[in-house]
Amino acid sequence: QPKLPQTGLQMVFPAQFRIGKNQDLIIRAFARHIKNCKDKESHLFLPGMGELGEYIKSLTQELGIADRVSFPGFCTKQEVLQLYLKCNIGIVASNSETFGQAIVEPFVLGRCVVSTHVGIADDILTDGENGFFFSTENELGNIFSHLYKSPQLLAKAGKMNYNKRNLFSWESVTERYVDIIQK
């Protein structure tokens, strides 16, 4: 399993800055967590571009956490991989996802996944075991605080996900298709 960061919550959500991706919800929950836990270690990476980018950046200023949130802009797949490897949590705050690559990527890399009930999340995550589900800003803030106070949960969830990564190997996917066709 790729090594997990050992200090605080190191989080990433690669997505376009547009309505329905909800980076603002993540930022508000993160700001609340920082204040409530007096967290001086955690960091949030928000790679992507889009029409809401300036609004999202200004929100970090308004909430006093601009130094705790990085905006690397558009990233190649290799750059996104490097961000995941710097982090111990992959976040998905979207209102909808089709398959949910942003869910699968941190999963196969052995990261804890914190997600809304979208895409493949309900099929591969068990709340409180290998990931965490949220619907509201308040729930997300509580998850952040819970994980910050219990870093062993991050390691446990990441290990569980890494051990299940073969769910997405071509061999495994092909076997499932063959089973469906034969039935």
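In this predicted model, Ile19 makes contact with Glu51 and Leu52, when residues up to four places away in sequence are left out of the count. Ile19 is placed in the loop between strand 1 and helix 1, and its C-alpha atom lies 9.6 Å from that of Gly50, although 31 residues separate Ile19 and Gly50 in sequence. With a relative accessibility of 71%, Ile19 counts as exposed, because the limit for that class is set at over 50%.

The loop that holds Ile19, between strand 1 and helix 1, also contains Asn22, and strand 1 is formed there by residues 10-12. The backbone of Asn22 has a phi near 65°, which is a positive value in a residue other than glycine. Most residues other than glycine have a negative phi. A positive phi is also found at Lys38, where the angle is near 50°, and Lys38 belongs to the loop between helix 1 and strand 2. How do Asn22 and Lys38 stand with regard to the solvent, buried or exposed? Asn22 has a relative accessibility of 19% and therefore counts as buried, since the limit for that class is under 20%. Lys38, at 63% relative accessibility, counts as exposed, because its value is over 50%.

The strands of the model form an open sheet with 6 members, arranged in the order 3-2-1-4-5-6 and paired in the parallel sense. The edges of this sheet are taken by strand 3, residues 69-70, and by strand 6, residues 131-133, each of which pairs on one side only. At one end of the order, strand 2, which covers residues 43-45, is joined to strand 3 by 2 bridges in a parallel arrangement, and within this pair Leu44 has Val69 of strand 3 as its bridge partner. Further along the sheet, strand 4, made of residues 89-92, runs parallel to strand 5 and is connected to it by 4 bridges; here Val92 stands opposite Ser115 of strand 5. Strand 5 is in turn paired with strand 6 through 3 bridges, again in the parallel sense, and Val113 has Gly131 of strand 6 as its bridge partner.

Strand 5, which spans residues 112-115, is covered on both of its faces. In a regular strand the side chains alternate between the two faces of the sheet. In strand 5, Cys112 and Val114 lie on one side, Val113 and Ser115 lie on the other, and all of these residues are buried.

The largest pocket has a volume of about 510 Å³, and 24 residues line it, of which Pro14, Ala15, Gln16, Lys77 and Ala102 are the closest to its centre. Helix 3, residues 77-86, and helix 4, residues 101-108, are the elements that give two or more residues to this lining, and the largest share, 3 residues, comes from helix 4. By residue class, the lining of the largest pocket consists of 9 nonpolar, 10 polar and 5 charged residues.

The second largest pocket has a volume of about 160 Å³. Its lining is made up of 13 residues, and those nearest its centre are Pro5, Gln6, Asn88, Pro151 and Leu154. Two or more residues of this lining are given by each of helix 6, residues 137-149, and helix 7, residues 151-163, with helix 7 giving the most, namely 3 residues. The lining of the second largest pocket divides into 8 nonpolar residues, 4 polar residues and 1 charged residue.

Definitions and conventions
Residues numbered from 1 in each chain as written. Predicted model: local features only at pLDDT ≥ 70, side-chain atom pairs only at ≥ 80, totals over all residues. Heavy atoms only, no water. 1 Å grid on protein atoms, 1.4 Å probe; cavity = no way out; pocket = protein on both sides within 12 Å on 5 of 7 lines; lining within 4 Å. Points joined across faces, edges and corners; volume = space filled by probe spheres on them. Nonpolar A, V, L, I, M, F, W, Y, C, P; charged D, E, K, R; others polar. Pairing = 2+ DSSP bridges. Buried < 20%, exposed > 50% of the residue type's maximum accessible area, 1.4 Å probe, protein only. Contact = heavy atoms within 4.5 Å.
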